[in-house]
Amino acid sequence: MDKTKIIRRARVTFVLFICAAIIFVSAVVRVQFFDEDSYAAGKKYRTYEVAVEASRGEILDRNGKPLVTNRQGNRIIFDASSFPSSSEKEQRNTIINSLIKLFESNSLEWDDNLPIIFDDNGSLVFAEDREADIKALKNKNMLNLNRYATAQNCMDALIDMYSLSDYALADARKIASVLYEMWRTGYSVSNPFVFAEDVPNEIVSIILENSDLYTGVKSEVVTYREYGNTPLASHILGIVGVINDTEYENAKKKNEELLSSDTLTAVQRKKIEVNAYSLNDDIGKFGIESVMEEYLRGQKGIKTVSIDTDSNVSEEYTIPPVQGNTVVTTIDSTLQSVAQTALENRILELTAEAGLEAAGAVVVLNVNTGEVLASASYPTYNLAEYYDKYDELAKNPASPLWNRVLQSTYEPGSTMKPVMAVAGLESGTINKDSKFFCGKVFDYHGQEFGCLGSHGNINVVSALEVSCNIFFYNLADLMGIDIMNDYSRRFGLGSKTGVELPEASGILAGKAYRESVGQKWYSGDTIQAAIGQSDNQFTLMQMVNYCATIANNGTRYTPHFVKSVVTYDYSDTVSETGITVAQNTGVAQNTINIVKEGMYDVANYSSCASAFSPLQYKVAAKTGTAQIKKIVNGSIVNGNNGFIMCFGPYEAPEIAIAVVVENVNSGTATAKVAADIFEYYFSSRSQVSAVQQINSILN
């Protein structure tokens, strides 16, 4: 080959090489810079969003001491991005069955909510009080069975639907329970199914170490409520639990109403959608946990999950979750503990009459703000044991779950007399020197009403001190029920106080109430109403607020349990409750002074003197006793409810206390509870205590 041909061939080869290089570089540049998005999009086959739970806000006492906090724990979930699909029934069933056996062999609970159970004979029956769940199971969207289908019919349909015929009936029922719950809670790639909560680390390790068996079964670290191991303020704090169908539907409707607004921005709409409740979510069930749900819940975040064609998973938090706000209560945790202990000790000391179990309640109120400093019912319970012992608590005849401060109503007995004295003095029916004769029996149109003593000629101050019924019979007969009720209403008796938690209204005896129940009011009812009998029924919260109104010279405040709401990092105040005046009673200072004088004598010279005399400061009080009837072992048994309402220090009142002990001999028996609380309060008020500081938010 001549030299010319060799040179020509070399040039062609070089040119081809250069062209190839240019083509290759161009392709790389195009992929790297121009076609990057389309190339990546071609590799990704699925991207979805998952809501990320936010930690719940904490609940503190007025001084910043934790009442309800959070702790971290493990949750086992089914991740739909890798868990076998609904068409892979055999693999699904194997995984679920293995998980159930793992948990049960370690005595651990899992999410078993199927409303079908085995009875004592081994037959399938529907669980009691699960009508709504049973109806949903038979619904056309699920099993599509007739309303009269039996539990066995439903189980047969579930076995067929989920291909469970190869399993023993007991195992098939458990697997079906999980699969049904997955359907009910809307399991999907964006809504993982929660198989079990609060799982020990050892079990999590077993699941992770056997990932080939437990395909798509994952753990995630979440927060759980920590209520402590003492019954401190259980009735006030409340508890959280898994949202039920009714709560879910109510939340869903509220969400739909919010989303219906035309003024929402895209960001606002997204936040509402993300924070919609799912059937896996917890919600406040009662107490502060419930009424402050909106603040405590926090804001969910969004995690975007992408899976490429090689099954590689990548995650990115597009919206981070925000922890719920901190609720600062008005409760003083130490005073709360003192009040609970004083109440319990006194009840245990008192002998129940005729087989009646003693129970009771106490509440402490700041007379100048309406802040509830302590509120307790006895018997009580530990919130940490609420779910484990619920059946036992619910069946207890002493009703430990019942909030006696807010939900029970009582005939007030002689604690009604101070407001009757106010009505008589303000209406001009009597003055401080007016006297009525007490000969122990009051003849009213041929009907006799009695008094515990024979007090002779007695004025209003002495009548309050010795609790003379006949003085107030005469006063009521002159005033009439309309004047009596005018002043009773001013002090809030027989109507809700406005406190944040659910409360009973009570009853103010009179013509209006009798007419509402289709009955007639008689003149004899008026004199009985004056001593706290007839139809009168008040809550203990109404009684302490009535006492506080006397103590502060006639201003009735709205009681409250929430002092403020602050952000989780304490950097900002979200809201403050403040002081709310419910009513200025308009009662003259001289009238208040006369009534206070009578209450002072009760505490210092009468039946309560022995309980209150050791105190550092003087107090004022009024006791009351109301006869009750209860059925015990099929028989009607008589008993007494004892009351005391009091305030102190007398010269410059700060707190009011109301106590009720059910089934005791008299109101005087309750004085020791109040005395123990005063003793602590008076000893601590003069001390400069070290209070936990959280910036300036709690000051």
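Helix 13 (residues 333-349) packs with helix 24 (residues 671-685) at an angle of about 155°, their axes lying 9 Å apart. The structure is a predicted model, in which local features need pLDDT of at least 70 and side-chain atom pairs count only at pLDDT 80 or more, while totals for chains, interfaces and linings use all residues. Residues are numbered from 1 along each chain as its sequence is written, and side-chain values use heavy atoms, with hydrogens and water left out. Helices (H or I, at least four residues) and strands (E, at least two) are DSSP runs numbered from the N terminus. Axes are lines fitted to C-alpha atoms, for helices over the stretch in contact, and angles run from 0 to 180 degrees between N-to-C directions.

Helix 13 and helix 24 are therefore roughly antiparallel to each other (angles under 35 degrees count as roughly parallel, over 145 as roughly antiparallel, 65 to 115 as roughly perpendicular and the rest as oblique). Their crossing is right-handed; a crossing is right-handed if the near helix is turned clockwise from the far one by less than a right angle, and left-handed if anticlockwise. Helix 13 contributes Thr-334, Leu-335, Val-338, Ala-339, Ala-342, Leu-343, Arg-346 and Glu-349 to the contact, and helix 24 contributes Lys-672, Val-673, Asp-676, Ile-677 and Tyr-680 (contact means heavy atoms within 4.5 Å). By class, this contact has eight nonpolar, one polar and four charged residues. Ala, Val, Leu, Ile, Met, Phe, Trp, Tyr, Cys and Pro count as nonpolar, Asp, Glu, Lys and Arg as charged, and the others, Gly among them, as polar.

Lys-672 is located in helix 24 and counts as partly exposed because its relative accessibility is 37%. Buried means under 20% relative accessible area, exposed over 50%, and partly exposed in between (1.4 Å probe, protein chains only). Not counting residues up to four places away in sequence, Lys-672 touches Arg-346, Glu-349 and Ala-611. Lys-672 and Asn-345 are 327 residues apart along the chain, with 9.8 Å between their C-alpha atoms.

Lys-417, Met-420, Ala-421, Ala-423 and Gly-424 of helix 15 meet Asn-469, Phe-472, Leu-475 and Met-479 of helix 17. The contact comprises six nonpolar, two polar and one charged residues. Helix 17 is mostly covered, with nine of its 11 residues buried; among them are Ile-470, Phe-471, Tyr-473 and Ala-476. Gly-480, which follows helix 17, has a positive phi near 90°.

In helix 7 (residues 201-209), the buried residues are Ile-203, Val-204 and Ile-207. Seen down the axis of helix 7, these residues fall within an arc of 100°, so they line one face of the helix; the arc is that of the directions from the helix axis to the C-beta atoms. Strand 3 (66-78), helix 3 (89-105), strand 6 (193-199) and strand 7 (217-226) pack against the buried residues of helix 7. Asn-201, Glu-202 and Glu-209 are exposed on the other side of helix 7.

Asn-584 lies in strand 22 (residues 581-584) and, at 54% relative accessibility, counts as exposed. Leaving aside neighbours within four places in sequence, Asn-584 is in contact with Gly-554 and Thr-555. Asn-584 is 35 residues from Thr-549 in sequence and 9.1 Å from Thr-549 in space, C-alpha to C-alpha.
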